[in-house]
Amino acid sequence: MDSKDREGNIISENNGQDKLLEKLYETKAGRAALKVLVQPEVSKAGGLFLDSGLSKPLISPFIEKSHINMEEFEAEQYESYNQFFCRRVKEGRRTFSEKKEMLCAPCDSRMTAYPITDEGTFCIKNTYYSMDTLLRSEKLADRYLDGTLCIFRLCVDDYHHFCYVDNGTKTKNFHIPGVFHTVNPVANEKYPVYAENTREFSILKSENFGNILMMEVGAMLVGRIVNHHEEKKVRRGMEKGFFEFGGSTVILAFQKDAVVIDNDIIQNTQDGYETIVKMGETIGRKGLDVK
């Protein structure tokens, strides 16, 4: 699908991954192959390969094909594809606003933002999800009704680390096991995505934006979620964790009136576009009524 940058320019997505996914989802042979690919044993084997030196030859072609500017990243000799995939940006390349009322993006991604409706459902590319099925907790889901759901979809060529968006205290991590499935929008035409993915969430009792629900969604195959902390005092811009290989998704849910998302992001979402954002970039501001 297409995205827009913050200047309003339409950016066409590299559709090689989309074409592969269309074959997997739209054909009988593809769906049969997908059933095998998402098995834990296959995922584990793929992870072992990407952690090994055997995967090193994949790095240079990927950098060239994806037009990745390696000047942004710390100089390092990568010994495996996963080591390259988890590369770090140079200090100062992803800074957060010092204005406490500004909401900043937790990661490099394609972003969409939706109201959490009275019916408790939200739409991502023609597929509807309820907060209680996402969280497997109706009680927790009810706390976010009439709030705002922000979805940050990371592509394989994005920087795959993610940060806390505010100072505060986070709870322990809650893990929801699931079958690895794709988070690419193409998949939503055939399968409900988040009901199938492994995901992990916690609550950030933040200083400026109320109780933020933070969730990471693992990708198809070897998209492992790595969270650094359990219960902990955290600060804005502190790294929360990272994803290993695979496109992945970060979700932030805000309670009613806690935030006001920038107009261009809201309009792009309504028009069917994702908005390209970078970690630390301002995406909204504090709402009028934060409890």
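**Figure 1. A salt bridge joins Asp264 and Arg6.** In this predicted model, the side chains of Asp264 and Arg6 meet at 2.7 Å, N to O. A salt bridge is a side-chain nitrogen of Lys or Arg within 4 Å of a carboxyl oxygen of Asp or Glu. Asp264 belongs to helix H8, and Arg6 to the loop between strand S1 (3–4) and strand S2 (10–11), 258 residues apart. Helices (H or I, at least four residues) and strands (E, at least two) are DSSP runs, numbered from the N terminus. Asp264 is partly exposed, with a relative accessible area of 25%, and Arg6 is partly exposed at 24%. Buried means under 20% relative accessible area, exposed over 50%, and partly exposed in between (1.4 Å probe, protein chains only). A network of salt bridges links Arg6, Asp262, Asp264 and Glu281. Residues are numbered from 1 along each chain as its sequence is written, and side-chain values use heavy atoms, with hydrogens and water left out. Because the model is predicted, local features need pLDDT of at least 70 and side-chain atom pairs count only at pLDDT 80 or more, while totals for chains, interfaces and linings use all residues.

**Figure 2. Helix H8 has a buried face.** Helix H8 covers residues 263–270, and Ile265, Asn268 and Thr269 in this helix are buried. Seen down the axis of H8, the buried residues fall within an arc of 100°, so they line one face of the helix. The arc is that of the directions from the helix axis to the C-beta atoms. The exposed residues Asn263 and Gln270 are on the face of H8 turned away from the buried side. An α-helix has 3.6 residues a turn, so residues three or four places apart point the same way.

**Figure 3. Glu216 and Lys240 form a buried salt bridge.** The side chains of Glu216 and Lys240 meet at 2.8 Å, N to O. Glu216 lies in strand S12 (residues 211–217) and Lys240 in strand S15, 24 residues apart. Both Glu216 and Lys240 are buried.

**Figure 4. Glu79 and Lys56 form a salt bridge.** The distance from N to O is 3.7 Å. Glu79 lies in the loop between helix H4 (59–66) and helix H5 (81–85), and Lys56 in the loop between H3 and H4, so the pair ties together parts that are 23 residues apart in sequence. Glu79 is partly exposed, with a relative accessible area of 46%, and Lys56 is partly exposed at 37%.

**Figure 5. Five aromatic residues form one cluster.** The cluster is made of Phe62, Tyr78, Tyr81, Phe84 and Phe85. The structure holds 8 aromatic pairs. The ring centres of Tyr78 and Phe84 are 5.6 Å apart and the planes are at 75°, so this pair is edge-to-face. Rings of Phe, Tyr and Trp (its six-membered ring) pair if their centres lie within 6.5 Å; planes under 30 degrees apart count as stacked, over 60 as edge-to-face and the rest as tilted. Tyr78 is buried, with a relative accessible area of 9%, and Phe84 is buried at 0%. Arg87 lies over the face of Phe84, 4.4 Å from the ring centre. A charge sits over a ring if NZ of Lys or CZ of Arg is within 6 Å of the ring centre and within 35 degrees of the ring normal.
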